[in-house]
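This report covers a helical packing arrangement and a handful of individual residues. The sequence and coordinates come first, and the description follows.

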Amino acid sequence: MPGASVKDVLRQFIALTKPGIIFGNSISVMGGFFLAAQGEFNPGLFIATLIGLALVIASGCAFNNLIDRDIDALMERTLDRPLVRGTITPATTFGFATVLGMAGFTMLLGINLLTVGLAAFGFAIYVGAYSLYFKRRSVHGTLVGSLSGAIPPVVGYCAVTGVFDTGALILLVTFCLWQMPHSYAIGIFRFRDYQRVGIPVLPVAEGIRTAKHHSLAYTVAFTVSALSLSVAGYTGIGYFVVALLMGLYWIKIGLAGYQTTDDIKWAKGNFGFSILTVCALSLMMSLNGYLPTFLG
């Protein structure tokens, strides 16, 4: 990048890692970590887990940028990405992503092998199965990708427990289910972009109304799964009440989609509430072990 300042160069490399995705996943990592910790806090373990997985996610996002640079050049929302603009070369991106991944997995290796295995699984799904194949070829790409999106809270949880138990399984299922209406909403309000490049997301492949049916079904399933954390004894009444209220309101939004005359506006609202929901649940999981007995 001839003539570019150090600040500009740094900004370009940071953009490759998709900071918004790292931030969102870090919130769910904290939820899983503090859920398992149950009021006990190990700062060294927490920092290693958070930074280690953030580096792995950053690596996956950089590789995704590398893989998707052809379609990114055709989509309105991705025209400003470094590889599209040519401010960073593919070879540099590959090296950068590799270093990030190695650093992240090395940090997780100091925690336990289970966290390394889970992070590697999520990385392989996102970079390999999703980015290299399913995203461009199958309507089920969203479901495949949801597996990688659900890994962060499980890594946080297993970093503390060292075992994949019922609590870890519930987290995996819950966050997988959450990904679906969240992603379908993006597919609806970014419909033209996906249609232009031929990405077979459900709204494009089978229609917006079909996507609404699936979105509502997944929202109901998500709510049931989220509540099962309390039913199984991992969280208390405080979490249960918040999960129930958020789930019911999200279902209400889903139902409202059938009456709307503005699908894009509805989808953006659905998307926004999905983020609010996962943040609220992660917060309540984090607070669970610190709340008074009658709340947590």
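Asp68 lies in the loop between H3 and H4, where helices are DSSP runs of H or I with at least four residues, strands are E runs of at least two, and both are numbered from the N terminus. Asp68 is buried, at a relative accessible area of 0%; buried means under 20% relative accessible area, exposed over 50% and partly exposed in between, with a 1.4 Å probe and protein chains only. Apart from neighbours within four places in sequence, Asp68 is in contact with Ser131, Lys135 and Arg136, contact meaning heavy atoms within 4.5 Å.

The model is predicted, so local features need pLDDT of at least 70 and side-chain atom pairs count only at pLDDT 80 or more, while totals for chains, interfaces and linings use all residues. Residues are numbered from 1 along each chain as its sequence is written, and side-chain values use heavy atoms, with hydrogens and water left out.

H9 is largely enclosed by the rest of the structure, because nine of its 11 residues are buried. These are Ile151, Pro152, Pro153, Val154, Val155, Gly156, Tyr157, Cys158 and Ala159. H2, H3, H7, H8 and H10 are included in what covers them. After H9 comes Gly162, with a positive phi near 75°.

Helix pairs are next. Two packed helices are described by the angle between their axes and the distance between the axes. Axes are lines fitted to C-alpha atoms, for helices over the stretch in contact, and angles run from 0 to 180 degrees between N-to-C directions.

| Helix pair | Axis angle | Axis distance |
|---|---|---|
| H8 (residues 141-149) and H10 (residues 166-189) | about 130° | 8 Å |
| H13 (residues 208-231) and H15 (residues 263-287) | roughly 10° | within 13 Å |
| H3 and H9 | roughly 150° | within 10 Å |

Angles under 35 degrees count as roughly parallel, over 145 as roughly antiparallel, 65 to 115 as roughly perpendicular and the rest as oblique. H3 and H9 are therefore roughly antiparallel, and H3 passes H9 in a right-handed crossing. A crossing is right-handed if the near helix is turned clockwise from the far one by less than a right angle, and left-handed if anticlockwise. From H3, Leu45, Thr49, Leu53 and Ile57 meet Pro152, Val155, Gly156, Ala159 and Val160 of H9. This contact divides into seven nonpolar, two polar and no charged residues; Ala, Val, Leu, Ile, Met, Phe, Trp, Tyr, Cys and Pro count as nonpolar, Asp, Glu, Lys and Arg as charged, and the others, Gly among them, as polar.

H8 and H10, with an angle of about 130°, are oblique to each other. H8 passes H10 in a right-handed crossing. On the H8 side the contact is made by Thr142, Leu143, Ser146, Leu147 and Gly149, and on the H10 side by Leu172, Cys176, Gln179, Met180, Ser183 and Tyr184. Six of these residues are nonpolar, five polar and none charged.

H13 and H15 are roughly parallel to each other. Ile208, Lys212, Ser215, Phe222, Ala226 and Leu229 of H13 meet Asp263, Trp266, Asn270, Thr277, Leu281 and Met285 of H15. Seven nonpolar, three polar and two charged residues make up this contact.

Tyr218 is also in helix H13 and is partly exposed at 21% relative accessibility. Beyond neighbours within four places in sequence, Tyr218 is in contact with Leu143, Leu177, Met180, Pro181 and Tyr184.

Two loop residues complete the report. Lys18, between helix H1 (6-16) and helix H2 (19-37), has a positive phi of about 55° although it is not a glycine, and is buried at 13% relative accessible area. Gln38, in the loop between H2 and H3, is likewise not a glycine and has a positive phi of about 50°; Gln38 is partly exposed, at 41% relative accessibility.
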